[in-house]
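I opened my notebook beside the viewer today and jotted down what I looked up, step by step. Here is what I was working from.

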Amino acid sequence: MGKKISSVIGLIVIIVSLICLGTFKLQQIQYNKETANVKQMLNQRKKVLKERQKIAHQSVLNENLVSSNKTKSENTQDYEARQDLQTITKKFFNEYFTYDSQNTYIKRKDKVRGIATNSVLNDKKLFNNGLDKTGHSIIDAEQITSSYDGSNAYVSGIDQNQIVSGIVEVSYSSRKGSHSSSKTTDIYLVKFDGNQRKLIQIQRIGTIGTVVN
């Protein structure tokens, strides 16, 4: 009788193990499917960005083909505006993505005050205080550090008031405590006032992706 009970228990254990294994396999298949979908989405976004960059670059080349004196003058102004946008966004994002403590995190705003308007500086989506709900520093508590890797600006338009609109691709590396660092590339819509010589709008529209080093 005892042997029969042992056999039944053994059979039950085997059946339960097989069910658990099957469930795990199904979850693994679903996880792999979701991962593949995410990778496909990121690849599509990268492709869209490359197409936008190509269009912006081709637009510059097409404008340079026009030969009238008036157009040459306008093209010179446009070229200078593009150079300004590239220079000022590099400076801004270099300061924005460089910090290693609560103190340096807060000081970012002061470092870009000369190249950004109050509407940018007071934007809570760009500049928050780095504190949690209890008033403690998230930056210091989690030992978060960040460093700027590089950026590229692409002009999408210049209006008669010398307001330059563009897209900026920014890469930066970040780390939490002793964890491995990761490199992220974000995309921003920006507007630069050529008369004030300041950035008047900066809006993050998404990310191309993050790579763990």
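Before I start on strand partners, a word on terms: two strands pair if DSSP finds at least two bridges between them. I also note that this is a predicted model.

Entry 1: I looked up how β3 and β4 sit together. Strand β3 covers residues 182-193 and strand β4 covers residues 198-212; the two run antiparallel and are joined by 12 bridges. Which residue of β4 is the bridge partner of F192? I found L199 there. Then I checked the turn: the hairpin has 4 residues between the strands, and R197 takes a positive phi near 65 degrees.

**Entry 2: the overall layout.** I stepped back to the whole protein. I listed 5 helices and 4 strands, and along the sequence they read α-α-α-α-α-β-β-β-β. The protein has 213 residues, and 31% of them count as buried. The exposed surface comes to about 14300 Å², with carbon and sulfur atoms supplying 54% of it. I also looked at contacts between residues at least 6 apart in sequence: 56% of them join residues at least 24 apart.

**Entry 3: T89.** I picked T89, which lies in helix α2 (residues 69-96). Is T89 buried or exposed? With a relative accessible area of 1%, T89 is buried, because anything under 20% counts that way. Leaving out neighbours within four places in sequence, I find T89 in contact with S151, A153, V168, V190 and L199. I was pleased to meet L199 again, having noted it as the bridge partner of F192.

Entry 4: As a reminder to myself, nonpolar side chains in soluble globular proteins tend to be buried together. Here the largest nonpolar core has 26 residues, and those with the most contacts inside it are F92, F93, Y96, F97, Y188 and I202. At least two residues each come from α2, α4 (118-121), β1 (144-158), β2 (163-176), β3 and β4. Helix α2 gives the most, with 6 residues.

Entry 5: Not counting residues up to four places away in sequence, Y96 touches R108, K125, L126, F127 and Y188.

Conventions: Residues are numbered from 1 along each chain as its sequence is written. This is a predicted model: local features need pLDDT of at least 70, side-chain atom pairs count only at pLDDT 80 or more; totals for chains, interfaces and linings use all residues. Side-chain values use heavy atoms; hydrogens and water are left out. Buried means under 20% relative accessible area, exposed over 50%, partly exposed in between (1.4 Å probe, protein chains only). Contact means heavy atoms within 4.5 Å. Accessible areas come from the Shrake-Rupley method with a 1.4 Å probe; for residues, only the protein chains shown count as cover. A nonpolar core is a set of buried Ala, Val, Leu, Ile, Met, Phe, Trp, Tyr and Cys residues joined through side-chain atoms within 4.5 Å.
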